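Please look over the structure before reading on.

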Amino acid sequence: MKRDIILAGVGGQGILSIAATIGMAALGSGLHLKQAEVHGMSQRGGDVSSNLRIADHEIASDLIPFGQADLIISVEPMESLRYLPLLSDSGWLITNTKPYINISNYPSMDALMKEIDSFEKHIALNADDIAKDLGTARSANMVILGAATPFLEIPHDKIADAIRQIFTRKGAEVVKLNIDAFEAGYQFAISHMN
Amino acid sequence: MQKLMLLGDEAIAQGAIDAGMSGIYAYPGTPSTEITEFIIHSKEAQIRHIRSGWSANEKTAMESALGMSYAGKRAMVCMKHVGLNVAADAFVNSAITGANGGLIIVSADDPSMHSSQNEQDSRFYGKFAMIPILEPSNQQEAYDMVFYGFDLSEKLGLPVLMRITTRLAHSRSGVQRLASREQNGVKLPKNPRQFILLPANARRQYKSLLQKQDAMEEAGLNSGFNSYFDGPDKSMGIITSGIGYNYLMENYPDRIVPFPIVKIGQYPLPHSMISQIYNDCNELLILEEGAPVIEEMLKGFLNLGKKVKGRLDNTIPRDGELNPNIVAVALGKVDTRGKEIPSVVVNRPPSLCKGCPHIYSYNALNQALDTWSKGRVFSDIGCYTLGALDPFDAINTCVDMGASITMAKGAADAGLLPAVAVIGDSTFTHSGITGLIDCVNDHSSITIMILDNATTAMTGGQTSAAFGKIEDICKGVGVHEDHIIVLNPSPKNHEENMAILKKELEYKGVSVIIPRRECIQTAMRTLKESKKQKVGEPVN
Ligand SMILES: Cc1ncc(C[n+]2csc(CCOP(=O)(O)OP(=O)(O)O)c2C)c(N)n1
Ligand code: SF4
């Protein structure tokens, strides 16, 4: 088994929190893991991505080969498309549809959604709205993580456990809100998978 | 013990703590910064009283580490590749003095220039100084090599260079720790003249360095970091170093490579292994991250003998970092690639944060310079370099740390008046002060803006050696008090700041303007931490 995942977003959107949660769950499941992060220049509102590799065998390269990623998980719609050359033919695209507009030539949402919808295997959801409706506007990333979970080949409960572990320090209420956000994303994906 | 999930940088830091290091010296620089940050924040390092912190620049860091080694303790110095240029004088001469306590220099290269101005390969420096080089291929090796590196350094009495690259520095993987060991006590060098590089001593020391070359190579044959893996297909042999090895293995999912391989993790190169693979195989493929260092050594000037494929014959692109696909193509395998990026996707370059003080410094400067022709702003390296991009288009140069003041001086000497230098506070204490002394001594007509955001922002907000000292430094080196002016770079002061700048641009002499307001990011972080402390949450 292997899962090669591209995490995508804009500097400051916290894609590494998703990576850390999946990473913790993977380790808890006795899997091997490599995660290449981005630091430095690209963090000031520029595009950022991270390579997360999980496998039940030793992993060689820190970078995912082009055309071989199983999943793109993006917290921003335009950014989800930037990494298509890395995605395999059978790969899934999981993306937030809420745009992060910090450039003047940001494309129209229609054009973006047309590209995303042209993908047979995709899940697109407005994670920000879903999180807001649950009263936890800051948990959009957990909604996205939930939406990606059916494709991770790590059991749903292991991911939920990892979320609990990461947020315990902040108290039961914060744990519950993040689990709610995660479940909402998960349910969305389950009902939109086909 | 359970494995720790560590960045390559963190693995080196944890290794140094566990291997009995007594002090780490560094100047921040991507992708090396997290080594020192890890030790600064490590409880274990505090308990062990390990000295850690930021130096004014890489040269002062290198020399401090050498001093700790002189005193018999193990020391580490960390920098990004271009930092080794700054530390080069101390670095190269440390090979002549040799080490006493174990001394490791970590230089983190950035092929493909993810956040650097060039992609120089630090192995050239190691070879130039004639000291051992260690090049880990993964996080575990990075950890283990720190133990080995300190031992090797103490055994040979030489500093050891550890060369890493971005993808190892910033990638996380499991690391198994070793039993930790004690630090050294203070113990002076046996030979009291070892560190006195007067010509007579230096000649002796240099001879001793030359004599150690065989022992250095021998060490690499026995350390386990250089290996020969035989393979049945001798039509080609592969020599690979550092993370190049991982990209090779990635192309063989069952991890069985048909060709013989020499895996290099330690230099000088092991002659016996290289001759064996050269003799056994019809041709060689060289897979190394960075410059064609090994390849050039093998090929020689005349390129006589068997075919050696690599970056020099374009089997591998001459620039940029390796990846599994580049290696696949070099191995004659099919390249894989998903769909192309759709044309609706546009670039999203990094930009100054909303409310960043640099924005208002540039707005004022741009307007103050309105009446003069373009092309007279010499800048430097830091967040403020983003002033080169739209909508500011405010600066004309960015070369190396400190070059703003001195290049502006040269241009002013040439008659380009007014000439403006724009430099950050941390860059100013890194390498700006000496240039300012040149300007003062020469009565140069230049306007220097020292953008004081109270931190080293570009690399993540480390303390700045300039903090609270800039005016005193300027006064101390002889800038006239009337021309040391502090501004608050904010929109409401725009007109006033612009007017002051305009006036100073007219002044025929050295003028220093200090726009001063804290970086938004560090200000927010301080606020968050103080809030956490109030509710009694742990601060990390
Ligand atoms: C010789 C060298 N060392 C380190 C770096 C990495 N580096 C680039 S900018 C910078 C810090 C800049 O800090 P400052 O001048 O205060 O500007 P700020 O980013 O805070 O605006 C550092 C450490 C480098 N490019 N060159
Ligand atoms: S990190 Fe600080 S100095 Fe850098 S752009 Fe943001 S606010 Fe400005």
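The sections below take the model topic by topic.

## Basis of the model

This is a predicted model: local features need pLDDT of at least 70, side-chain atom pairs count only at pLDDT 80 or more, and totals for chains, interfaces and linings use all residues. Residues are numbered from 1 along each chain as its sequence is written, chains are lettered from A and ligands numbered from 1 in the order in which they are written, and side-chain values use heavy atoms, with hydrogens and water left out.

## Helix α5 against α1 in chain A

Helices (H or I, at least four residues) and strands (E, at least two) are DSSP runs, numbered from the N terminus. Helix α1(A) spans residues 15-28 and helix α5(A) spans residues 140-148; their axes come within 10 Å and cross at roughly 45°. That makes α1(A) oblique to α5(A). Axes are lines fitted to C-alpha atoms, for helices over the stretch in contact, and angles run from 0 to 180 degrees between N-to-C directions. Angles under 35 degrees count as roughly parallel, over 145 as roughly antiparallel, 65 to 115 as roughly perpendicular and the rest as oblique.

The crossing of α1(A) and α5(A) is right-handed. A crossing is right-handed if the near helix is turned clockwise from the far one by less than a right angle, and left-handed if anticlockwise. From α1(A), the residues I15(A), S17(A), I18(A), T21(A) and I22(A) meet N141(A), M142(A), I144(A) and L145(A) of α5(A). Contact means heavy atoms within 4.5 Å. This contact of α1(A) with α5(A) has six nonpolar, three polar and no charged residues. Here Ala, Val, Leu, Ile, Met, Phe, Trp, Tyr, Cys and Pro count as nonpolar, Asp, Glu, Lys and Arg as charged, and the others, Gly among them, as polar.

## Helix α7 and its partners in chain A

α5(A) also packs on helix α7(A), residues 172-191, at an angle of about 40° with the axes 6 Å apart. The two helices are therefore oblique to each other. Their crossing is right-handed. α5(A) brings M142(A), V143(A), L145(A), G146(A) and A147(A), while α7(A) brings N178(A), A181(A), F182(A), G185(A), Y186(A) and A189(A). By class, that contact of α5(A) with α7(A) has eight nonpolar, three polar and no charged residues.

How do α6(A) and α7(A) pack? Their angle is about 150° and their axes are 9 Å apart. That makes α6(A) roughly antiparallel to α7(A). This crossing, too, is right-handed. On the α6(A) side are H156(A), I159(A), A160(A), I163(A), R164(A) and F167(A); on the α7(A) side are V174(A), V175(A), N178(A), I179(A), F182(A), E183(A) and Y186(A). The contact of α6(A) with α7(A) has nine nonpolar, two polar and two charged residues.

## Cavity and pocket

Rolling a probe the size of a water molecule over the atoms shows where empty space is left. On a 1 Å grid over the protein atoms alone, a cavity is a set of points where a 1.4 Å probe fits but cannot get out; a pocket is an open set with protein on both sides within 12 Å along at least five of seven lines; lining residues have an atom within 4 Å of a point. Grid points are joined across faces, edges and corners, and a volume is the space filled by probe spheres set on the points. The count comes to one cavity of 30 Å³ or more. The largest cavity holds about 30 Å³. E135(B), P136(B), R163(B), I164(B), T165(B), L168(B) and I243(B) line it. Strand β6(B), residues 160-165, gives the most to this lining, with three residues.

The second largest pocket has a volume of about 820 Å³. Of its 38 lining residues, the closest to its centre are S49(A), Y83(A), H114(B), R167(B) and E321(B). β3(A) gives the most to the lining, with five residues. The lining divides into 18 nonpolar, 13 polar and seven charged residues.

## Backbone geometry

Phi of E153(A) is near 60°, a positive value in a residue other than glycine. E153(A) lies in the loop between α5 and α6 of chain A. N314(B), also not a glycine, has a positive phi of about 65°.
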